[in-house]
Amino acid sequence: MALNPLYDDIGKGFVQQYYAMFDDPTQRANVVNFYSATDSFMSFEGLQMQGAPKIMEKISSLTFQKISRVITTVDSQPMFDGGVLINVLGRLQCDEDPPHAFCQTFVLKPLGGTFFCAHDIFRLNIHNTA
């Protein structure tokens, strides 16, 4: 399969859709549609899970009521299988907590005429030096 020349548009479009859905509590449950039931992996603050049901279990367990997010940059690269590698840097604030920088990396894999999120790695950028 060839490199997808639209990788940058695909990456930015995905990020916009994903966070709009994730950040809206009335839409958050629909995030499950980005993932495969068996072929998606997530690493959330070092906790590993596989498959859309387990990923949604983790997302549903998050206790914040509101989230606001500022995206600093979205970098995308084409992959040789037609997929797209996406790296997001930004800042988020949950409820009344202080804002934190975060990094999230996605790998989108082609599936028919669309994509699914095969890999998702999320980390708050908190440096513990103690």
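## Charges, fold and surface of a predicted chain

The protein chain carries 9 positive and 13 negative side chains, with the centres of the two sets 3 Å apart. Here Lys and Arg count as positive and Asp and Glu as negative, while His and the chain ends are not counted; each charge is placed at NZ of Lys, CZ of Arg, CG of Asp or CD of Glu.

A word on the ground rules: this is a predicted model, where local features need pLDDT of at least 70, side-chain atom pairs count only at pLDDT 80 or more, and totals for chains, interfaces and linings use all residues. Residues are numbered from 1 along each chain as its sequence is written, and side-chain values use heavy atoms, leaving out hydrogens and water.

On to the fold. There are two helices and six strands in the protein chain, in the order α-β-β-α-β-β-β-β from the N terminus. These are DSSP runs (helices H or I, at least four residues; strands E, at least two), numbered from the N terminus.

UniProt lists residues 10-124 as "domain: NTF2", in an unreviewed entry; positions follow the numbering used here, feature names are shortened, and annotations may be inferred rather than shown by experiment. That stretch is 20% helix and 47% strand, and its end C-alpha atoms sit 24 Å apart.

Some whole-chain values:

| Property | Value |
|---|---|
| C-alpha span along principal axes | about 45 × 30 × 30 Å |
| Accessible surface | about 7700 Å² |
| Carbon and sulfur share of accessible surface | 56% |

The areas come from the Shrake-Rupley method with a 1.4 Å probe. Of the 130 residues, 36% count as buried, meaning under 20% relative accessible area (1.4 Å probe, protein chains only).

Note on methods: Buried means under 20% relative accessible area, exposed over 50%, partly exposed in between (1.4 Å probe, protein chains only).
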